Amino acid sequence: MAVVEVSTLDTIRDKVEAGERLDFEDGLALFETDDLLALGELAGLARRVRGGDDRVFFVQNLYLNQTNVCRVKCKFCAFAATQKQEHAYTLTPDELVEDALRQRELTGFTEIHMVNGENPHVDFAFYVDTIRKLHEAMPDVHLKCYTASEIHHMTTLSGLSHEEVLRELRDVGLGSLPGGGAEVFADRVRRLVAPGKEHPDFWFRTHDAAHKLGIPTHSTMLYGHVETYEERVDHLLRLRAQQDATGGFLAFVPLAFHPENTVFERRGFRHTTGAEDLKVIAVSRLLLDNVPNIKAYWIMMGMPMAAVALHFGANDVQGTVVREEIFHAAGARTETEQKVEELVRFVREAGRIPVQRDTLYEEIRRW
Ligand code: SF4
């Protein structure tokens, strides 16, 4: 009779120590365990076995949202507006550049992180113009702009392919893509939380094309709503397979769902717990053996918890994030500009070495 090996933390530890890849059943066992501290220790081991050291990275960045007008209406989103709503806004490329330059006088950011609603009232030239003008005004600032959903939206606006859209944007200054729009890839979840959003295949098509054009990207998972552990593991393994194929993901960022001001709040959904957030960080580190950086996104979990996450496999706390609107629209109560000194203090007190990086993980300064 064949013996079926059941995944336990011990068998998983053996695999991690031997440099063996974890499988679907291992991922499930990791999510199902209640032994949070053992999970953290295992994730820390995986990080070190795969070459991680004591450095914890952050970037000085500016968050921009050029428009909150969106045609999609994801059920988890508290940020989007229709054109007619009072709080709807769309900045012209010149207004956006002016705003960014004003912010630059206050903080020396090296990266602009920009994501937006899928505005049906602009055309592709609007996006190209925006990137060109930002790049001309700040040639030394890395432009990490537009989720895969927005790139897909631009293909429908322009009739161009994903590759053509990315090529045009790259040629005027786009540096990389953020990882948003991934949500949870499983069809069942997609239907429940984002029925108006394009099929996940387009998320992969965009990132695949970007990597092949030499544009690095980021990856995410928005967890803590209706998804099961199986669907989380499936999501992570799909990302791992893409990374095997093209290798262009710089980092993975788990994003906890914030229910405030969404339909899920009225249905009684609550914030994820700190224990769940730490578990997702740890399992991500363990399963994503080919993604070098796992981010503890302090805007979402708060800096004290992000510092704890450094002992659960995370090695990046994202950035200074001047002004964040999307999670704050959904109730995040963190400061929206975390001062460099504060980031440095938290990282140091977690026993790690704070390193300011650029978007591509080149060191700028080590404290
Ligand atoms: S998550 Fe993005 S695509 Fe969905 S409604 Fe909000 S802004 Fe639109």
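Colleague: Ala-306, buried or exposed?
Modeller: Buried, in this predicted model. Ala-306 has a relative accessible area of 0%, and anything under 20% counts as buried.

Colleague: Which helix is Ala-306 in?
Modeller: Helix α14, which covers residues 303-309.

Colleague: And what does Ala-306 touch?
Modeller: Leaving out residues up to four places away in sequence, Ala-306 touches Ala-296, Trp-298, Met-301 and Val-317.

Colleague: How far is Ile-281 from Ala-306?
Modeller: The two are 25 residues apart in sequence, and their C-alpha atoms are 9.9 Å apart in space.

Colleague: Switching to the strands. Why is β7 said to be largely enclosed?
Modeller: Strand β7 runs over residues 249-256, and eight of its eight residues are buried, so the rest of the structure largely encloses it.

Colleague: How do β6 and β7 run, parallel or antiparallel?
Modeller: Parallel. Strand β6, residues 217-223, is joined to β7 by seven bridges. In one of the pairings, Thr-220 has Val-253 of β7 as its bridge partner.

Colleague: What does the chain pass through from β6 to β7?
Modeller: Helix α10, residues 229-246. The β-α-β crossover made this way is right-handed.

Colleague: How many bridges pair β7 with β8?
Modeller: Two, again in the parallel sense. Strand β8 is residues 293-294, and its Asn-293 is the bridge partner of Ala-251.

Colleague: Where do side chains point in a strand, in general?
Modeller: In a regular strand they alternate between the two faces of the sheet.

Colleague: New topic, the ligand. Which residues are around it?
Modeller: Cys-70, Val-72, Lys-73, Cys-74, Phe-76, Cys-77, Ala-80, Gly-117 and Lys-197.

Colleague: How many of that shell are charged?
Modeller: Two are charged, one is polar and six are nonpolar.

Colleague: Now the whole chain. How many helices and strands?
Modeller: The chain has 16 helices and 11 strands.

Colleague: What radius of gyration does the chain have, and what would a compact globule have?
Modeller: The chain has 20 Å. A compact globule of 367 residues would be near 21 Å, so the chain agrees with that. Along the principal axes, the C-alpha trace spans about 65 × 45 × 40 Å.

Colleague: And what percentage of the residues count as buried?
Modeller: Of the 367 residues, 59%.

Colleague: What share of the contacts comes from residues 24 or more positions apart?
Modeller: They account for 74% of the contacts in the chain with a separation of 6 or more.

Key:
Residues numbered from 1 in each chain as written. Predicted model: local features only at pLDDT ≥ 70, side-chain atom pairs only at ≥ 80, totals over all residues. Heavy atoms only, no water. Buried < 20%, exposed > 50% of the residue type's maximum accessible area, 1.4 Å probe, protein only. Helix = DSSP H or I, 4+ residues; strand = E, 2+ residues; numbered from the N terminus. Pairing = 2+ DSSP bridges. Right-handed = clockwise from strand over helix to strand, strands pointing away. Near = heavy atom within 4 Å. Nonpolar A, V, L, I, M, F, W, Y, C, P; charged D, E, K, R; others polar. Rg over C-alpha atoms; globule rule 2.2 N^0.38 Å. Contact = heavy atoms within 4.5 Å.
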